[in-house]
Amino acid sequence: MKRVLSGIQPTSDSFHLGNYLGAVKQWVELQDGHDAFYCIVDLHALTVETDPALLRKRTLASAAQLLALGISPEKSTLFVQSQVPQHNQLGWIMECLTGFGEASRMTQFKDKSSKAGADSARVGLFTYPMLQAADILLYQADYVPVGEDQRQHIELTRDLAGRFNSRYGQTFQLPEAYILKTAAKINDIQEPTAKMSKSSGSVAGVIEIMDSPEANLKKIKSAVTDAGREVKFDPIEKPGISNLLTIHSALSGSSISALEGEFAGKGYGDFKAAVAEVVVEYLRPIRAAALELLEDEKHLLDILHQGSQKAGAVAQETISATYKNLGVVL
Ligand code: AMP
Ligand code: TRP
């Protein structure tokens with residue numbers, strides 16, 4: 001079976017629809033027929049200022065949401081990055097393989113550090129992609145399902161794996177980014193030319209999985225639309241409507257062209273009401289399941305500890321081989 005690994009940061013109380021449709025939905029699908037490892041990357045979340053109570057709450061909330069969205073602990077290994085210390089061990093080795101200039105070209109670092117201001121950006125933000133490479137290479141992953149924005153980090157991971165293998169002998173599987181064309185890139189529903197993001201300026205544009213059905217209904221009914229009246233997929237002229245079409249289609253399974261047909265001659269109001277209905281009914285049972293999981297913290301922690309143990313065993317094999325090939329005295 002091919003191995004899959006991905007990670008998500010516990011940096012918000014709720015995942016949003018972009019995280020689900022751009023990433024986690026693929027995770028759920030890949031559980032069948034693959035050996036899947038899914039990691040809540042809490043160490044990556046430390047690259048920005050964090051509050052201890054919030055980090056804990058969000059780590060558990062992330063686990064509950066992943067389970068509620070369909071990650072099954074029987075099928076996949078779901079674990080917390082910091083519980084598997086081999087991530088830090090291999091992270092350092094990856095840092096020692098990476099050129100300073102190479103790391104400086106990572107666009108996510110450039111974006112995030114320019115937002116934070118050069119003086120407040122942390123060294124950890126700079127070395128973030130090397131820890132991510134370690135996350136992936138520790139598990140000898142074949143595929144890494146992520147959103148398009150992560151492609152450059154996966155390329156770096158491949159470069160580092162290839163570099164290590166050619167200098168020190170075959171040690172790491174070269175992973176491939178698994179980025180579905182159909183995996184929707186979801187935009188902000190208030191500012192539909194920008195991607196839906198937890199760091200977005202206004203919460204009104206972000207549909208959160210843990211938001212109440214009422215709140216999401218209201219948000220979608222107030223989504224920004226475009227000039228004209230026709231419900232048509234045209235991301236340049238009609239970014240708002242196109243984004244809502246993408247969302248509807250991804251959740252309902254109807255094709256975009258079927259939806260254009262269904263709403264021909266109807267106005268934006270009817271269309272938004274239909275999108276709201278689809279989103280709210282899709283998310284309702286997921287939110288309820290996540291809330292239920294959060295009520296039994298012990299059970300949730302048990303699942304994570306079991307996952308971390310399974311992950312740790314695989315990670316240790318890779319670290320041992322890596323150290324041996326590096327000439328570390330064991
Ligand atoms: P982040 O919220 O940046 O930690 O992203 C977690 C995962 O969700 C990554 O794999 C991203 O590529 C994906 N993702 C985040 N925002 C979006 C979006 N608006 N549309 C599609 N995928 C997204
Ligand atoms: N950098 C990824 C993001 O921002 C999260 C991540 C960390 C990740 N480690 C990973 C994704 C390993 C895939 C594989 O979304």
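A nitrogen atom of ligand 2 sits 2.7 Å from an N or O atom in the side chain of Asp135, a polar contact in the sense used here (a pair of N or O atoms within 3.5 Å; within protein, one atom must be able to donate a hydrogen and the other to accept it, and residues adjacent in sequence count only if both atoms are side-chain atoms). The protein covers 89% of the 360 Å² of accessible area that ligand 2 has on its own, with areas taken from the Shrake-Rupley method using a 1.4 Å probe and, for residues, only the protein chains shown counting as cover. The model is a predicted one, in which local features need pLDDT of at least 70 and side-chain atom pairs count only at pLDDT 80 or more, while totals for chains, interfaces and linings use all residues. Residues are numbered from 1 along each chain as its sequence is written, chains are lettered from A and ligands numbered from 1 in the order in which they are written, and side-chain values use heavy atoms, with hydrogens and water left out.

In total, 14 residues surround ligand 2, and the closest are Gly7, Tyr128, Gln132, Asp135 and Gln150; a residue is counted when one of its heavy atoms lies within 4 Å. Helix α7 gives the most to this shell, with four residues, and β1 and α7 each supply at least two. Helices (H or I, at least four residues) and strands (E, at least two) are DSSP runs, numbered from the N terminus.

The reader can turn next to ligand 1. Its surroundings comprise 15 residues, the closest being Asn19, Gly147, Asp149, Ile186 and Met196. Here the backbone takes part: a nitrogen atom of ligand 1 is 2.7 Å from a polar backbone atom of Ile186, and a nitrogen atom of the ligand is 3.1 Å from a polar backbone atom of Gly18. For Gly147, a backbone N or O atom lies 3.1 Å from an oxygen atom of ligand 1. The protein covers 89% of the 480 Å² of accessible area that ligand 1 has on its own. Helix α1 gives the most to the shell around this ligand, with four residues.

Buried means under 20% relative accessible area, exposed over 50%, and partly exposed in between (1.4 Å probe, protein chains only). Strands β1 and β2 run parallel and are joined by seven bridges, where pairing requires that DSSP finds at least two bridges between two strands. Within this pairing, Ser6 has Tyr38 of β2 as its bridge partner. Together with α1, the two strands make a right-handed β-α-β unit; right-handed says that, with the strands pointing away from the viewer, the path from the first strand over the helix to the second runs clockwise.

Charged side chains come next. Side chains of opposite charge can pair when their charged atoms come close. The structure holds 13 salt bridges, each being a side-chain nitrogen of Lys or Arg within 4 Å of a carboxyl oxygen of Asp or Glu. One of them joins Lys75 and Asp32 at 3.1 Å, N to O. Lys75 is in the loop between α3 (52–68) and β3 (76–80) and Asp32 in the loop between α1 (17–30) and β2 (34–40), so the pair ties together parts that are 43 residues apart in sequence. Lys75 is partly exposed, at 42% relative accessibility, and Asp32 is too, at 46%.

Glu297 and Arg56 meet in another salt bridge, at 2.9 Å, N to O. Since Glu297 belongs to helix α13 (residues 297–326) and Arg56 to helix α3, the pair ties together parts that are 241 residues apart in sequence. In helix α12 (residues 268–295), by contrast, Glu281 and Arg284 are three residues apart, separated by about one helical turn, and their salt bridge has its closest N and O atoms 3.0 Å apart. Asp13, Lys57 and Arg58 are linked in a network of salt bridges.

Gln140 has a positive phi of about 55° although it is not a glycine, and it counts as partly exposed at 24% relative accessibility.
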